[in-house]
Amino acid sequence: MTAPRRWVRRSLGSFGLIVVVLVGAFTAIGGWATLASLRGPAKPYDARTLPPAPDYAKANAWLALPGHNGLERSTPPGVTPVDESTAPADVFFVHPTTFKGSPVWIAPFDASDTAAPLNAPVLLDQVSVFNGCCRLYVPRYRQATLAALKVNAAIDVAYGDIARAFKYFIAHQNHGRPFIIASHSQGTAHAIRLLQEEILRTPLKRRLVAAYLIGGYVPDTFGELGLPICSTARQTGCVLSYNTSETGRSGARMITDNRAYWWRGRHVTDGRSHALCVNPLTWRRVGAAPATANAGSLPFPVAPFGRVAQPLSALVPHLTGAVCRDGLLAVHVPWSAPSGFFDKLSLAFGSYHLNDYGIFYDALRRNAGDRVTAWQADATK
């Protein structure tokens, strides 16, 4: 055999080995299951088969409520949650997709933690960020499953629940207090619409401390609607967003590019604006922050979870810096980091979507308190 032919055979063999390794790795981290979940149910979407709607006057319609001492009241070592009776503000948190897979188009609002295994991690990793400043309200809703996120009718059902929950919150629970709107992933899509339809053109806008619309596509043109982009750590009545991505990788663009969203009274397809990115280590859109600016990151929670407040893992100092780049928040999480910062999305796509909150846990926690304090100061002038 000639030398060129041996070289070709060896090259093909090496390429084949690489393909086998990559396929094996993709399988090991659950990549095929993730792709399968995007196909959806065998039967087409049918609005006549919707599960019952939640009644927000009942406690079972809420994933978190004040007075229950649930997982959302958990804190890292050395940190104490605010006394709910004297908390200066409220948080209305729109949770992400927590239901597993896509066996149905619309999930029942009261899906068990087995069917919706991210219920507990969302409370521990995301909602607990705000327990230092605020009372916490997290409505359950008939969430669109992964395959239904491109079905406007399904999104409308989910949003309809969120809108009713917010109206109930304002009428019966908030009692005229300042409030934060916070969200993640699917919840961010609903929060974008909630701001436009229920808050921005109403007297409620004066009570909006800030909107933390994280882990989803948020257009950078909110200023057109009267909600400016946050540009300082203590600015109030503003919106911020980011999507965390490994430096040099673009997989997280599946979240920010060519997205459908609600804008000026209708569903808009193929996002016309750039994705908003505000750096949670500087609270600005430009400029890099070193890892030393990141005081504490929370590893993603793992089972068993329980149902009441508990100590969280110790925060990891100086895990990564961050910089907004082309609509994504670029970070570099070293391989020496604890296992709680790596998952199938970060390994396969370079997206830290599941830990958008946790990687910047301390920064978000302190900032929520700072913005509430700033709102109170402005209100007394």
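**Entry 1: a strand, a helix, a strand**

I started with E4, helix H5 (residues 186-199) and E5, which make a right-handed β-α-β unit. Right-handed has a rule: with the strands pointing away from the viewer, the path from the first strand over the helix to the second runs clockwise.

I noted the ground rules before going on. Residues are numbered from 1 along each chain as its sequence is written, and side-chain values use heavy atoms, without hydrogens and water. The model is predicted, so local features need pLDDT of at least 70 and side-chain atom pairs count only at pLDDT 80 or more, while totals for chains, interfaces and linings use all residues.

**Entry 2: the whole chain**

I looked up the overall counts. The protein chain has 8 helices and 11 strands. Of its 381 residues, 53% are buried. Buried means under 20% relative accessible area, exposed means over 50%, and partly exposed lies in between, with a 1.4 Å probe and protein chains only. I also checked contacts, meaning heavy atoms within 4.5 Å. Among contacts in the protein chain with a separation of 6 or more, 78% are between residues 24 or more positions apart.

**Entry 3: strand E4**

Is strand E4 enclosed or open? I found that 6 of the 6 residues of E4 (residues 179-184) are buried, so the strand is largely enclosed by the rest of the structure. I then took each face in turn. Phe179, Ile181 and Ser183 are buried on one side, and Ile180, Ala182 and His184 are buried on the other.

Next I looked for the strands that pair with E4. Pairing requires that DSSP finds at least two bridges between two strands. Strand E2 (residues 89-94) pairs with E4 in the parallel sense over 5 bridges, and aspartate 90 has phenylalanine 179 in E4 as its bridge partner. E4 also runs parallel to strand E5 (residues 208-214), joined by 6 bridges. In that pair, histidine 184 stands opposite isoleucine 214 in E5.

**Entry 4: salt bridges**

I used this rule: a side-chain nitrogen of Lys or Arg within 4 Å of a carboxyl oxygen of Asp or Glu. The count comes to 13 salt bridges.

I looked at aspartate 161 and arginine 142, whose side chains meet in a salt bridge at 2.9 Å, N to O. Aspartate 161 lies in helix H4 (residues 152-174) and arginine 142 in the loop between strand E3 (134-139) and H4, so the pair ties together parts that are 19 residues apart in sequence. Aspartate 161 counts as buried at 0% relative accessibility, and arginine 142 counts as buried at 11%.

The side chains of arginine 193 and glutamate 197 also meet in a salt bridge, at 3.4 Å, N to O. They are 4 residues apart in helix H5, which means that about one helical turn separates them. Arginine 193 is buried, with a relative accessible area of 11%, whereas glutamate 197 is partly exposed at 35%.

Aspartate 257 is partly exposed, with a relative accessible area of 34%, and arginine 253 counts as partly exposed at 23%. Elsewhere, salt bridges that share partners join Asp90, Arg135 and Arg177 into one network.

**Entry 5: two residues**

What does serine 128 touch? I listed Glu72, Ser74, Leu123, Leu312, Tyr361 and Arg365, not counting residues up to four places away in sequence. Serine 128 lies in the loop between helix H3 (119-125) and E3, and is buried, with a relative accessible area of 0%.

I then turned to valine 157 in helix H4. Valine 157 counts as buried at 13% relative accessibility. With residues up to four places away in sequence left out, valine 157 touches Tyr45, Leu50, Ile106 and Arg142. I also checked alanine 53: the C-alpha atoms of valine 157 and alanine 53 are separated by 9.3 Å, although the two residues are 104 residues apart along the chain.

Note on methods
Helix = DSSP H or I, 4+ residues; strand = E, 2+ residues; numbered from the N terminus.
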